[in-house]
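Visitor: I am new to this structure. Please take one part and walk me through it closely.

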Amino acid sequence: MSLLIKSIVFTLLLPGTVAFLFPLKIIEGRVLYESWSLFFGGSLMLAGISLYCWCVWDFIMVGKGTPAPIEAPKYLVVRGLYHYSRNPMYIAVLSVILAWFLLSLNGFVLLYGLLVLACFQIMIVNYEEPMLDEMFHADYLLYKKQVNRWLPWF
């Protein structure tokens, strides 16, 4: 199976569930039909989906792998969005969750997003970063010094 097909399947199963299925369940399909909500929420959703797709593309083309841990990239990806953040794929997923909040103004979606952020942080610090250090030791240490974990200015 190609890396693209594997990436699509993984995306539908995990990020798709986290960013779409659960928030939709929380808001029970109720969205605001006010122009500001549709504009900002829709724009953020489109941005999050686009950023995620860009990250997947870089994983496939540069890293020669998928977002799925069972077929992780073989090469460290430091270009594109990964030049600015070590975790743009997670930022993309969080952006989609925030978009659902803007579309619904449901406080439980915001709480859910904070819970997802906390889970991401724990997973990144305790699993991903040690694994990346083991796989790409010197390159990853240099990358960590040059690029922040979340946003470029923090």
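Guide: Let us start with helix H4, residues 88-104, and its partner H5, residues 107-146. Their axes lie 8 Å apart, and the packing angle is about 170 degrees. An angle over 145 degrees counts as roughly antiparallel, and H4 and H5 are therefore roughly antiparallel to each other.

Keep in mind that this is a predicted model. The protein chain has an average pLDDT of 96, and 99% of the residues score at least 70. Confidence is highest in H4, at a mean of 98. It is lowest in H1, at 96.

Now look at who touches whom. From H4 come Tyr90, Val93, Leu94, Ile97, Leu98, Trp100, Phe101 and Ser104. On the H5 side they meet Gly107, Val109, Leu110, Tyr112, Gly113 and Val116. Further H5 partners are Leu117, Phe120, Met123, Ile124 and Glu128. Sorted by class, this contact between H4 and H5 has 15 nonpolar residues, three polar ones and one charged one.

H4 has another neighbour, H2. The axes of these two helices come within 9 Å and cross at roughly 15 degrees. That makes H2 roughly parallel to H4. The crossing of H2 with H4 is right-handed. H2 brings Pro15, Val18, Ala19, Phe20, Pro23, Leu24 and Ile27 to the contact. H4 answers with Val93, Val96, Ile97, Trp100 and Ser104. By class, the H2 contact with H4 counts eleven nonpolar residues, one polar and no charged ones.

The structure holds six aromatic pairs. One of them joins Phe20 and Trp100, edge-to-face. Their ring centres are 6.0 Å apart, with 90 degrees between the planes. This pair links distant parts of the chain, with Phe20 in H2 (residues 15-27) and Trp100 in H4, 80 residues apart.

The crossing is right-handed. Leu3, Leu4, Ser7, Phe10 and Thr11 in H1 meet Tyr52, Val56 and Ile60 in H3. This H1 contact with H3 has six nonpolar residues, two polar and no charged ones.

Back to H4 to finish. H5 packs with H4 at about 170 degrees, while H2 crosses H4 at roughly 15 degrees.

Terms used. Residues numbered from 1 in each chain as written. Predicted model: local features only at pLDDT ≥ 70, side-chain atom pairs only at ≥ 80, totals over all residues. Heavy atoms only, no water. Left-handed = near helix turned anticlockwise from the far one by under 90°. Helix = DSSP H or I, 4+ residues; strand = E, 2+ residues; numbered from the N terminus. Contact = heavy atoms within 4.5 Å. Nonpolar A, V, L, I, M, F, W, Y, C, P; charged D, E, K, R; others polar. Axes fitted to C-alpha atoms, helices over the stretch in contact; angles between N-to-C directions. Parallel < 35°, antiparallel > 145°, perpendicular 65-115°, else oblique. pLDDT = per-residue confidence, 0-100. Phe/Tyr/Trp six-rings, centres within 6.5 Å; stacked < 30°, edge-to-face > 60°.
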